[in-house]
Amino acid sequence: MDDDGETLIDKIRDIDDARISSTNAATRLHESLVTPNCEFSARVADEFVRFAQDGWQDDQDLFPLSVMPELQLGLDDIWASYRRVPSRENNFCAIIIFSVSLQDWRWFVAYGHNFGLTSAVLNFNRMHEALCVLSRVFGASCCDHFFDDYMDIIPAIYSILFSDSNRQHVNSSQWCLDELHTLIGMCLEPKKHKHSASVNVALGVEADLSEAASLEKVSLKPTSGRTDFILDSLRKAEVPPRMAATILGKLYLLLATGS
Amino acid sequence: MGKEYRLPPDVTAAAKVNLRVGAVLSSQRSTGITKRRTFANSLVMQSMDAELKDRANPPENVRRLHKGVNVAFLGLLPHAIRGVDQSLPHNMLHGFPIIHDVPDSGVYRATDHPLTLDEFCDVYDAIMLTNEELMEELKRRMRHKYDAAMAASLKGDSRALDLMKEVERLTLLEVPQGLCAPGLDDTEFRDKFTNDIGDLQARPMPRHGVFQGKKVG
């Protein structure tokens with residue numbers, strides 16, 4: 001069960017081993033990616049507090065201090081994002097599996113990028129990066145993305161004005177990001193959309209912005225599901241390598257939140 | 001990815017706009033999106049998009065994936081905001097380079113590759129000479145993996161076999177989803193990727209399943 005009482009099952013992802021095939025060794029990249037982490041909401045809230053309290057000056061214009069708005073965090077995701085970004089050299093996207101049903105090898109060729117190619121990380125993030133920039137420029141969205149997970153900090157009062165019961169937060173920056181995706185033809189996944197709220201779980205960490213305006217405080221804490229998983233795993237007598245890697249990743253996030 | 005993340009300057013600028021403009025921002029967004037929607041869906045943009053795709057004449061895999069993407073509109077947006085990623089629409093039209101010397105997009109932080117281009121090309125050429133060898137090696141490894149999984153299953157531990165079945169199920173699912181071509185057998189694969197002088201021009205990767213936490217069932 002997760003924190004909302006829903007039944008959870010193992011999530012299995014297909015990984016294509018581009019190390020064994022030496023495809024990654026045959027790739028020369030000139031860039032590296034730096035992603036935001038779960039602290040993103042706190043960093044943006046800090047900017048709001050700073051400007052609201054002190055005002056600011058841009059060129060010749062002086063902007064006085066203003067009322068600090070209540071902040072919310074909205075989340076979105078995109079379906080099969082790696083696979084939907086086309087590759088130029090399709091012959092290097094072939095994969096082999098051993099078909100249990102056919103008792104034979106089967107070869108498949110992905111149209112887009114394989115999860116495992118180093119170049120895929122940079123290529124598929126470019127679309128997300130561009131859409132974030134567009135949403136910031138056209139819609140004043142305080143958004144960024146962790147691979148295919150979008151995080152958007154939204155001043156609550158501005159979006160409620162035009163809300164209705166069916167389409168919550170109409171005209172919010174989260175709505176703007178969604179609309180831009182639709183216009184370009186890379187729609188967001190409705191199932192993974194999380195309406196903006198003062199408390200939301202981003203990247204496995206619960207971000208609480210309910211006191212950002214009143215106390216200038218943002219709380220970040222790991223979900224109980226995450227801590228239970230780590231504790232249960234560590235209590236086991238033996239931890240296989242792949243599980244150890246999973247635990248390490250989850251512990252890293254805990255360290256990032258200072259919990 | 002270990003470098004420190006810095007808040008993008010346009011996020012800071014957006015925070016200022018939110019504070020300065022306030023509630024009026026909602027109607028400004030609405031107006032802006034309505035205008036862009038009208039433009040994106042206009043006959044001019046639709047025909048430009050069709051013509052771009054037609055002239056690009058990309059391979060089948062690219063055609064399938066960019067079919068629903070409004071590349072013409074995507075092409076105008078980075079120019080409109082003077083964004084750095086000017087080659088994004090071109091790559092959406094022709095496919096993104098995934099191997100060899102992948103050009104710098106200018107979007108991310110620049111890094112130096114440990115090899116010069118000449119040194120790298122030597123490595124690349126040496127790797128490409130082993131395509132045939134790799135194919136046979138992967139077949140051997142995948143067969144071995146299956147045999148081990150089957151043996152474990154007969155002893156009462158079916159986890160590895162179940163994982164292989166799940167990998168197969170997920171892979172087959174990608175075909176009707178339009179993300180992957182239908183499966184090929186050995187002969188079909190060789191026919192598809194062998195050139196006129198008999199060299200295999202593909203470098204396949206073995207696919208594995210990994211547990212990645214939990215999801216709602």
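The following conversation concerns a predicted model and the contact between its chains A and B.

Student: Before the details, how are residues and chains labelled, and which pLDDT limits apply?

Tutor: Residues are numbered from 1 along each chain as its sequence is written, while chains are lettered from A and ligands numbered from 1 in the order in which they are written. As this is a predicted model, local features need pLDDT of at least 70 and side-chain atom pairs count only at pLDDT 80 or more, whereas totals for chains, interfaces and linings use all residues.

Student: What ipTM and pTM does the predictor give the complex?

Tutor: The complex has an ipTM of 0.92 and a pTM of 0.89. Chain B averages a pLDDT (the predictor's confidence in each residue, from 0 to 100) of 93, and 97% of the residues score at least 70.

Student: How many residues does each chain bring to the contact?

Tutor: Chain A provides 104 residues and chain B 108 residues; two residues are in contact if their C-beta atoms, placed from the backbone, lie within 7 Å.

Student: Which element of chain A gives the most?

Tutor: Helix α2 (residues 118-139) of chain A does, with 13 residues on the side that touches chain B. Helices here are DSSP runs of H or I with at least four residues, strands are runs of E with at least two, and both are numbered from the N terminus.

Student: How does α2(A) lie against α1(B), parallel or perpendicular?

Tutor: Its axis and that of helix α1 (residues 9-21) of chain B come within 9 Å and cross at roughly 25 degrees. Axes are lines fitted to C-alpha atoms, for helices over the stretch in contact, and angles run from 0 to 180 degrees between N-to-C directions. The two helices α2(A) and α1(B) are therefore roughly parallel, as angles under 35 degrees count as such, over 145 as roughly antiparallel, 65 to 115 as roughly perpendicular and the rest as oblique.

Student: Which residues make that contact?

Tutor: V133(A), R136(A) and V137(A) of α2(A) meet D10(B), V11(B) and A14(B) of α1(B).

Student: And within chain A, how do α2(A) and α4(A) cross?

Tutor: The axes of α2(A) and helix α4 (residues 173-184) of chain A come within 9 Å and cross at roughly 125 degrees, so α2(A) and α4(A) are oblique to each other.

Student: Turning to strands, which ones join the two chains?

Tutor: Strand β3 (residues 31-32) of chain A and strand β2 (residues 109-110) of chain B run antiparallel and are joined by two bridges; strands pair if DSSP finds at least two bridges between them. E31(A) stands opposite A110(B) in β2(B).
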